[in-house]
Each structure stands twice: as C-alpha cells, then as structure tokens.
Amino acid sequence: MHVKKINPKRFSPLYDCKEQHVAHIAGALPGGAFFRAYHKKNTVLLVFFLVLVLSLNLYGKQDCSPSKITQVVFLGTGTPNPDPGHSGNSVAIIVNDTPYIIDCGPGLIRKAAALSTAYGGKIEALNMENIKRAFITHLHSDHTSGYADLILTPWVIGRDEPLQVYGPEGIKEMTRHILEAYKEDIRMRLYGLEAANNRGWKVMAREIEEGIIYKDQNVTVEAFLVKHGSWPEAYGFKFTTPDRTIAISGDTRVCKNLIEKCKGVDILVHEVFSAEKLKIRSETWQKYHTSNHTSTYELAKIADQVKPCLLILYHQLYWGASDEDLLKEIGTIYKGRVVSAEDLDVY
Ligand SMILES: [Zn+2]
Ligand SMILES: [Zn+2]
C-alpha cells in the first residue's frame, strides 16, 4: 500500500506551537524589536496572501476565459416570445470538436449553421453531419419546437447515424409523433431521387431519471430535477468535461436541488426574469412567472451559494428591461462575474 509521506515540519501542530514559542522568546531578547518587526511583516504578508487565496476561491476558479477544449455556444437565448433577436432556446456544449445540444427551440439549426464552417463560420463541430446528440430539459414548445428540424435537416445534409436524444418522460412519444408526421418526407427522400441514407433520420430517444444519464470520452452528463410550475419532470444538466464544469438550469423557479448539484461549477447558465419589470405585469402573469421562473434578485442569491466562476444569463424575460438592467439588478446582491448571453455568443 502506498502511504503518502507527510513533512512533519509543515503539518505538525506541535511545530507551529514551537515556532510561536520561539517568536515569543525572540521578542524578549536583545534585538527583539527587529524580530517583532520581522514577524509583524510576515503576518501582514500572510494575511494578504490568505485574503488573496480566499478571494480567488470565493467565486470558483478565476480563469473563466474561453477554453480550446470546451466551448459553450448559445444557439438561441429566447423564450416563447417570438423576439427576432432571441431565437428559440438552445445551447451547444462543444467538447473536443463534438457538439452536445441542450434543448431545441425554433431556429437552432439555422443558428448552428451560421457558426459552422460550412457557412463561413469558425466552428466545424456545428456542421450538420456532426450534430448527433441532444439533451432536452423539458417539453415546453420554446425548448422543443425545433425538434423536427434537429431530426431531419442534419440527416438531409449528411448525418448518417441515428440522433441520440435524452429527455424527460414524453420525449419518446413526441419523437414517434414527429417521425409519423414526416413519414412522407422521409419516404420521398429515401426512395425518390435524393438518395438520402437510411440511418440518419432515425432517433434513439431515451427517457431519463435524475443522475448520470450519459458518459463518453468527452463528457459526463448529470441530470437533476428542477421546479418548473406544474411540469412533472423538468431537468437541469451538469456537464463535466476534461477542463470545465458547466451547469444549465433549463426553466426553473428557485430550486434547492439545483443549488446543491451545481455548487462550485465553473459556469452556471441560468434562466432569469427582471424582478423590477415583473411589477408591471398583470397579477395572473406575476403568479405564473414567480412559480415557473427565477427573478434577478433570486438568481443573485442562488449564485451567491453556487459561486460559479462565471454566471451566464439566458432565457431572459426582459419586459422592456435591457441586458444592462438585468445585470444591474443582479449586481445589487451578487458581486461575482455575470454576463447576459446573446444568440451566437461563445464562452
Ligand atoms: Zn422556456
Ligand atoms: Zn418552460
């Protein structure tokens, strides 16, 4: 059995006591002022060092800069509102040039194409034939109405293996209905003159439970339950890659489980609404939003507990507020690093 050797000088409390004793005696000897000044200086340096270390750890790792191995790409930061500047909700986590899609709101495939090398972008991983895996937080339409596009377009362009999809109960049925709805399109592409391959249109849909739901050489994906109105199952996901941990909230109100599962992640991607602008909403909508989503002030308190290196806002409900307003509201409570994502942002 390998036993790690411990340097007694570094770790023995006895040694520390002795050193204090030596310092005490030194103070009483001739030239004690020099020793006292020497130890005082060391104490100041030690305190400075401790404050530095604590502040570095307070909000997780300080190096939140984009990584060559893992990127977080926002294909759509939107909500059900058809805001032309915010496409349907979808994020891609890219690890070693392999994309993992989270949610498939409307527009995700066009946005992925915009960043792909096939259309003049810089991200080869987002070329259609590479899009093979997706994780669905919940079945709300702003997170799933691009599902048919996610199944069919990459296949038509060249994906030649089944799409793997992981989602809550109901994802299998949704998949079956979409394939049924498009059966004529699939038939025509298979047996007409287009000569599409007979694998890429297929979907391996799996219904998940809380825990580790996926693992390969790039990522481990953990699903955790969140609280989203009366949805029986809504999930957030935590991706652990070789160099980063990234948590994505999905849609949720304040959720203890999320805080516990995400503590200390490098990046927390979290939905949000403006707490100030909520006040102008009707009573009915206020009730809906507070039971389904998370306000800026609530998110600030969540971030204070999770302490991510970087907090990224997405699925923003503005109601007339700007990104700066959201950041300002959060900044009244939370002092860590926060950014508000826009479509096509890469972190
Ligand atoms: Zn949503
Ligand atoms: Zn939702």
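Modeller: Strands of a sheet pair through backbone hydrogen bonds, either parallel or antiparallel. In this predicted model, one open sheet has seven strands in the order 7-8-9-10-11-12-13, and its pairing is mixed.

Colleague: Which strands stand at the edges of that sheet, each with a single partner strand?

Modeller: Strand 7 (211-215) and strand 13 (338-340) do, so one side of each has no neighbour in the sheet. From one strand to the next, the twist averages 25 degrees.

Colleague: In which sense do strand 9 and strand 10 pair?

Modeller: Strand 9 (residues 235-240) and strand 10 (residues 245-248) are antiparallel partners joined over four bridges, and Phe-239 stands opposite Ile-246 in strand 10.

Colleague: Which strands does helix 13 lie across?

Modeller: Helix 13 (residues 323-331) lies across strand 11 (267-273), strand 12 (310-317) and strand 13, and its direction makes an angle of about 155 degrees with strand 13.

Colleague: What is the strand order in the open sheet of six strands?

Modeller: That sheet runs 1-2-3-4-5-6, with mixed pairing; strand 1 (70-76) and strand 6 (203-207) are at its edges, each with a single partner strand, so one side of each is left without a neighbour in the sheet. Ignoring direction, its neighbouring strands are turned by 20 degrees against each other on average. Within this sheet, strand 3 (residues 98-102) pairs with strand 4 (residues 133-135) in the parallel sense over two bridges, and Ile-101 has Ala-134 in strand 4 as its bridge partner.

Note on methods
Residues numbered from 1 in each chain as written. Chains lettered and ligands numbered in written order. Predicted model: local features only at pLDDT ≥ 70, side-chain atom pairs only at ≥ 80, totals over all residues. Pairing = 2+ DSSP bridges. Axes fitted to C-alpha atoms, helices over the stretch in contact; angles between N-to-C directions. Contact = placed C-beta atoms within 7 Å.
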